[in-house]
Amino acid sequence: MSDIENIANMPAEHGANVFGSMDQFAKKIEKTLHVSIIYRDSVVRIVGGPTDVKRCKDVLENLLELSKRGNIITEQNVDYALSLTYEEKTSVMLDIDNEILTRTVSGKPIKPKTLGQKQYTDSIKKNTIVFGIGPAGTGKTYLAMAMAIEAFKNNEVNRIILTRPAIEAGENLGFLPGDLQSKVDPYLRPLYDALYQIMGADSFIHNSEKGLIEVAPLAYMRGRTLDNAFIILDEAQNTTPAQMKMFLTRIGFGSKIVITGDLTQKDLPRGVVSGLDTAVRILNDIEGIGISKLTNKDVVRHPLVQQIVNAYENYENKHSRHNDERNDRYDEQKSRGRRNDR
């Protein structure tokens, strides 16, 4: 049995934002929830089953409220609202949107966009050391960078230190042209890009020249004690256990450390254990250390990124099960062979 629900007061100035260019968001909502949406004269009519109509109404009301707050609605917003409505958590979007971490140099607010991101930023506020683990596109580094810059602006820390291991993703560092700094700069480029976007190039260069912002390879951290600093270690899945221990023991008084990594994208040589894997197992019960695990639901890049992450995850799980089954058969055959020998 179908039902019809009316949503009054969808102002024309928000309709295009909520429904998307050429109604692309409306079409996605219709297809996902199996409803029909008719929008005329600031009134939205939803046709479908009672449960689907309610879900659609919740999604549209939340997207409308986000629009009224000045947000430009994206496909990620729509996808996340749809996923939350099946969990009956649609109002979570508005709670998340209340928090502004900082603003870019152009004035654009930087906010958590998913529940996982909100829990991650809350953990950074609460703990001295935080591990942010998750797939590409979940905002691990960008959000940490935003919080570091805000802490620096508010004089909560005196310095920002950004570092990552110079591990080649299939390339050979020795064959790159230039001096050492020229060789490692490409590995640090994502950190520079985020700094420029949030701080502005002039502010970054000014503070960098004064030694207040430092972007350096992980090897440069050895032998130092870092007081009153906000320190971010990016791409931590490419550290060895010894490197991770060295880095963690750099922390001084008044400092905060955020360590980000994606355990599915390791570039370490075959057989080398990841320092991030080891650290998470060893340190998970220590007070003052937080471990935030983001998932594909927290991906905020192009929607295809989420599908790519899902596809790889499914493939790796299937491959892992296949290997486990093959190993079990091999062990069983060996066991039978030993019994026959007797």
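Accessible areas here come from the Shrake-Rupley method with a 1.4 Å probe. On that basis, this predicted model has a chain that exposes about 18700 Å², and carbon and sulfur atoms supply 50% of that area.

**The chain overall**
- You'll find 12 helices and 11 strands in the chain.
- The chain runs to 342 residues, and buried ones make up 45% of them.
- Take the contacts between residues at least 6 apart in sequence: 69% of these join residues at least 24 apart.

**Helix α6**
- Helix α6 covers residues 115–126, which is 12 residues.
- The buried residues of α6 are Gly116, Gln117, Lys118, Tyr120, Thr121, Ser123 and Ile124.
- As a reminder for reading such a list, an α-helix has 3.6 residues a turn, so residues three or four places apart point the same way.

- Asp97 sits in helix α5, which takes in residues 92–97.
- Asp97 counts as buried because its relative accessibility is 9%, and the cut-off for buried is under 20%.
- Leaving aside residues up to four places away in sequence, Asp97 touches Leu66, Arg69, Asn71 and Lys111.
- With Lys111 there's also a polar contact: the side chains of Asp97 and Lys111 are joined at 2.9 Å.

Conventions:
Residues are numbered from 1 along each chain as its sequence is written. This is a predicted model: local features need pLDDT of at least 70, side-chain atom pairs count only at pLDDT 80 or more; totals for chains, interfaces and linings use all residues. Side-chain values use heavy atoms; hydrogens and water are left out. Helices (H or I, at least four residues) and strands (E, at least two) are DSSP runs, numbered from the N terminus. Buried means under 20% relative accessible area, exposed over 50%, partly exposed in between (1.4 Å probe, protein chains only). Contact means heavy atoms within 4.5 Å. The expected span of a helix is 1.5 Å times one less than its number of residues. A polar contact is a pair of N or O atoms within 3.5 Å; within protein, one must be able to donate a hydrogen and the other to accept it, and residues adjacent in sequence count only if both atoms are side-chain atoms.
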